[in-house]
Amino acid sequence: MFWTGIIIIFVLAIIAGIMQGNAKSKEFKKQGEENLQKFNSLPDFNATKRIKGVNDTYIFGVDENSKKIAFVKKFHKEIVPFDQIISVEILEDNTILQQKSSLRAIGGAVVGGAIAGGAGAIVGGLSGDSKQNKKVSKVQIKIKLRDINHPSFTINCFDSKTMTVGGKPIKPSSIEGHLYKQGLKDAQRIADTISAIIDITDKNTKSITQTPPQSAKVIGSVADELSKLADLKNKGILTDEEFAAQKKALLGTSIQEPSVPETNEPLRLETVVDDGVPQEVREALENGEKITAVKLYMELTGCGLAEAKNYIDSIS
């Protein structure tokens, strides 16, 4: 009789687990359909690449034509231009596994580059039995932006609370360990994609800054023409009045107001001062708040604590 009761309890537990799993599957399917509908209706965004998260809990996409990335999940969406991305990090339970930062200047200072192995390298990822036996709650992507009002956003590539049946931290070697491994793989793909975007944007920015200004070419050509007119005047070919008229006409066509391209994008402000120190950091130091200055510099640049402290020490 005792064993009969044990068997009945065991069977009921299995049935309850199956029912719970089926309910979760229906919930994930509905959420995936809603995410896809929301992603396909994003304004001015036609994905050339997309990555669907574990159980379709989110969609990450890239539009190479409009140069934007997008992220959609339940009740949340992001659309970010390439040139607003500062850095990308892979985090496992708040521990950084990989980080890639832009080489573009922020407040006059150069920001890192590849840290902890750079693009394509998971540092501290799964290796050995000890890693397989640990329990994991989250694998996240953190993307830092050049936007004071919205400096970053996070993608949960794996979240045991919402992506597993039990809703608790799991071991990579467990039955649901494949969900963690898939989340880690998705995080790597997103990080590699954004790392490539950062490299391309940095390269394009460098190319633009190294191109001689058009105004310099105009000034050079005007000087040449004035020299020719002066020569003609000296040789008696042009009278003083003709020389003055030609000079006035030439200088008039060379002075033009710089054109400002029209854009529908919202104005994004960058904190930049002449000596290269971000304004927030400067104000914190002026108020004697050195620890606050270190934290602000870390947030603005995506660098580590030691690098931020060394920088603040060097300017304070």
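This is a predicted model: local features need pLDDT of at least 70, side-chain atom pairs count only at pLDDT 80 or more; totals for chains, interfaces and linings use all residues.
Trainee: Which residue follows helix 8?

Mentor: Gly302 follows helix 8, and its phi is positive, near 80°. A helix here is a DSSP run of H or I with at least four residues, a strand is a run of E with at least two, and both are numbered from the N terminus. Residues are numbered from 1 along each chain as its sequence is written.

Trainee: What does helix 8 reach from its first C-alpha to its last?

Mentor: Helix 8 covers residues 290–301, 12 residues, and reaches 17 Å. That is close to the 16 Å expected, where the expected span is 1.5 Å times one less than the number of residues.

Trainee: Which residues of helix 8 are buried?

Mentor: Ala293, Val294, Tyr297 and Thr301. Buried means under 20% relative accessible area, exposed over 50%, and partly exposed in between, with a 1.4 Å probe and protein chains only. Seen down the axis of helix 8, the buried residues fall within an arc of 100°, so they line one face. The arc is taken from the directions from the helix axis to the C-beta atoms.

Trainee: And what does the face turned away from the buried side carry?

Mentor: Exposed residues: Ile291, Lys295 and Glu299.

Trainee: New topic. Which residues touch the most other members of the largest nonpolar core?

Mentor: Ile69, Ile141, Ile143 and Ile155, out of 33 residues in that core. A nonpolar core is a set of buried Ala, Val, Leu, Ile, Met, Phe, Trp, Tyr and Cys residues joined through side-chain atoms within 4.5 Å.

Trainee: Which element gives the most to this core?

Mentor: Helix 4, with nine residues. Apart from this core lies another, of nine residues, including Val294 and Tyr311.

Trainee: How many bridges join strand 10 to strand 11?

Mentor: Seven, and the two strands run antiparallel. Strands pair if DSSP finds at least two bridges between them. A hairpin joins strand 10 to strand 11 through six residues, and Val139 stands opposite Phe158 in strand 11.

Trainee: Last one: where is Val165 found?

Mentor: In the loop between helix 3 and helix 4. Val165 is partly exposed, with a relative accessible area of 29%.

Terms used. Side-chain values use heavy atoms; hydrogens and water are left out.
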